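My notes follow the structure.

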Amino acid sequence: MDTSPGRARATSVAQAYLATGMLELREKASVSGGAVAHHFPAKRELGLAVIRDRVAETVQRTWSEPLRA
């Protein structure tokens, strides 16, 4: 069940994603536009890569590591 705080967080994350441009992301990462464009031709691809990394980290921490213990 999605709670009001959960919906509020999802909305704020989505708004931050929409408000952040590729130039700002490149500057924060200290990489050239060409380097980013080579790996992520659009902001959507970069966003999906971040989500995959975050999900993989969470699965590792909450499922894989406890099962090995």
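The model is predicted: local features need pLDDT of at least 70, side-chain atom pairs count only at pLDDT 80 or more, and totals for chains, interfaces and linings use all residues. Residues are numbered from 1 along each chain as its sequence is written, and side-chain values use heavy atoms, without hydrogens and water.

Next I checked the span of α4. Helix α4 covers residues 43-68, 26 residues in all. From first C-alpha to last I get 36 Å, close to the 38 Å expected at 1.5 Å a residue (1.5 Å times one less than the number of residues).

Which residues of α4 are buried? I noted K43, L46, G47 and A49; buried means under 20% relative accessible area with a 1.4 Å probe, protein chains only. Across the 69 residues of the protein, 7% count as buried.

Then I listed the elements. The protein has 4 helices and 0 strands, in the order α-α-α-α from the N terminus. Helices are DSSP runs of H or I with at least four residues, strands runs of E with at least two. The radius of gyration is 16 Å, well over the 11 Å of the globule rule for 69 residues, so the protein is more spread out than a compact globule. That radius is taken over C-alpha atoms, and the rule is 2.2 Å times the number of residues to the power 0.38. The C-alpha box is roughly 40 × 35 × 15 Å along the principal axes.

Methods
Buried < 20%, exposed > 50% of the residue type's maximum accessible area, 1.4 Å probe, protein only.
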